[in-house]
Amino acid sequence: MKNQKQPDAMDSANVIQWDAQNRPLAPDFPIIPFIEGDGIGPDIWAASKSVLDAAVERAYAGKKRISWREILAGEKAQAKYGPANPLPKETLSAISHYGVAIKGPLTTPVGGGFRSLNVALRQILDLYACVRPIRYLEGVPAPVTHPERVDMVIFRENTEDVYAGLEWPAGSADARELLTLVNAKSKAAGGTTVSLESAVGIKPMSRKNTDRLVSMAIRYALEHHRESVTLVHKGNIMKYTEGAFRDWGYGVAREKYGDVTLTEADLYEKFQGKQPVGRIVIKDRIADAMFQQLLLRPEEYDVIATPNLNGDYLSDAAAAQVGGLGMAPGANIGDCCALFEATHGTAPKYAGQDKVNPGSLILSGVEMLRFIHWDEAAKYVVAALKKTISQGVVTYDLARQMKGAKEVRCSEFGAAIVRNMD
Ligand code: NAP
């Protein structure tokens, strides 16, 4: 690719527009930008693209088709724009212009201006919800006895909490200055003080950002006929941040969705435990207890809304329960654009070996197809992926856990999925 194409007015018929309710409206021939990704990115993207294109062709026989457009980030962007520019502004404007995009994993540049390209993408584009569907795919080796009981979608707040990047190193003048102020305030309120030599970080949480995250989770639950939304927090300890998340979450459910939601208390007191049709139960769980519930009673949890750090831990733990990160899809969604992504990293030791599992990126593509309401194509991919795994045709990561499996390369796995669509 010589030049990264700029969004232009000629493209408008092929742009995924978002309506007033922040839902995407896809034309039949949308342009969807993709970031190939670093490390194993090119291998898994090539396999994923062939699977997604084949499914769209099978489902719509040429009446719908995706025009993929490459945009650059990470090492490819650095090679073109220089080492200081792993996230060019053309890439950011293309994602917001085209409304929906997909990406492979990106290496976090060492010593650059970015803590993480992924965090930067989420914050700059205000992709405030990290959405991680966790479902068991039959045949995938899993570490628990009943992985099929897990079927949940985690909405993790993406823009604040300890990910805001507000932290200062131990012994620095800034940390000391901040801690002097904090100690004076705490002392005046009769509280404890901390050593001025400590490192310090700030955990911001706001009502506005909690409201929009919880609203998105409730809207998802309504549209997908889910039974509950669980607010996962650590409000018993962090009362004004995590505790407020819980209270604001219940608040937005009551104020904006009062006619279609009810609390757990309402469920038992007013409805004797029988959930009325069309109403979603809003409940809350303390984060540590939620990790137990995830293992012991996963079937009681449907949609989860949670602050950034809890969501980070919880989504990886839940993904491991159904067979690992190699197969877990993800998306970052805002009010006017969405970026679908593989949830694992660049696995540099396997770069260029055509070896790894493209499942996470393929399933992220499935979520993208569902998001633009191309459900028929999504079904083709899932059915063929299940069939391929059930035939024991898998990449090395699954093969090492499955008896009698045939280990294939990344590209061969993609090709086998395409064949299984017939
Ligand atoms: P990683 O790239 O996810 O790899 C860790 C291990 O997970 C691999 O060695 C491999 O395990 C397994 N794995 C990952 N992807 C796989 C796949 N598609 N198929 C099969 N196995 C897979 O994590 P990391 O080594 O900690 O991070 C490497 C780089 O990725 C870092 O620069 C990090 O910043 C970046 N990263 C990017 C993202 C993102 O872009 N979303 C996310 C996380 C990390 P085995 O060795 O056991 O085979």
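Predicted model: local features only at pLDDT ≥ 70, side-chain atom pairs only at ≥ 80, totals over all residues.
Biologist: Which domains does the domain assignment give for the chain?

Modeller: A domain may be made of separate stretches of sequence, as the ranges here show. In this chain, domain 1 consists of 1-139 and 323-422, domain 2 consists of 143-160 and 205-321, and domain 3 covers 161-204. The C-alpha centres of domain 1 and domain 2 are 27 Å apart.

Biologist: How many residues of domain 1 and of domain 2 are in contact?

Modeller: One counts the residues on each side separately. Here 21 residues of domain 1 are in contact with 26 residues of domain 2. Between these two domains an area of about 2000 Å² is buried, and carbon and sulfur atoms give 52% of this area. On the side of domain 1, the residues that lose the most area to domain 2 are Y128, R132 and I134, which together account for 35% of what that side buries.

Biologist: How many salt bridges and how many residue pairs in polar contact are counted between domain 1 and domain 2?

Modeller: A salt bridge is read from the distance between a side-chain nitrogen and a carboxyl oxygen, which must be within 4 Å. Three salt bridges are counted between domain 1 and domain 2. A salt bridge also joins the side chains of D151 and R135, at 3.5 Å from N to O. Residue pairs in polar contact between domain 1 and domain 2 number 11.

Biologist: Which elements supply the side of domain 1 that touches domain 2?

Modeller: At least two residues each come from α4 (117-124), β6 (129-135) and β14 (329-333). The largest share, seven residues, belongs to β6. By residue class, this side of domain 1 has 11 nonpolar, five polar and five charged residues.

Biologist: Which residues come nearest to the ligand?

Modeller: Of the 21 residues around the ligand, the nearest are G345, A347, K349, Y350 and Y396. For H344, a polar side-chain atom lies 3.2 Å from a nitrogen atom of the ligand.

Key. Residues numbered from 1 in each chain as written. Heavy atoms only, no water. Domains from an automatic or database assignment. Contact = heavy atoms within 4.5 Å. Buried area = accessible area lost by both parts, 1.4 Å probe. Polar contact = N/O pair within 3.5 Å; in protein donor to acceptor, adjacent residues only side chain to side chain. Helix = DSSP H or I, 4+ residues; strand = E, 2+ residues; numbered from the N terminus. Nonpolar A, V, L, I, M, F, W, Y, C, P; charged D, E, K, R; others polar. Near = heavy atom within 4 Å.
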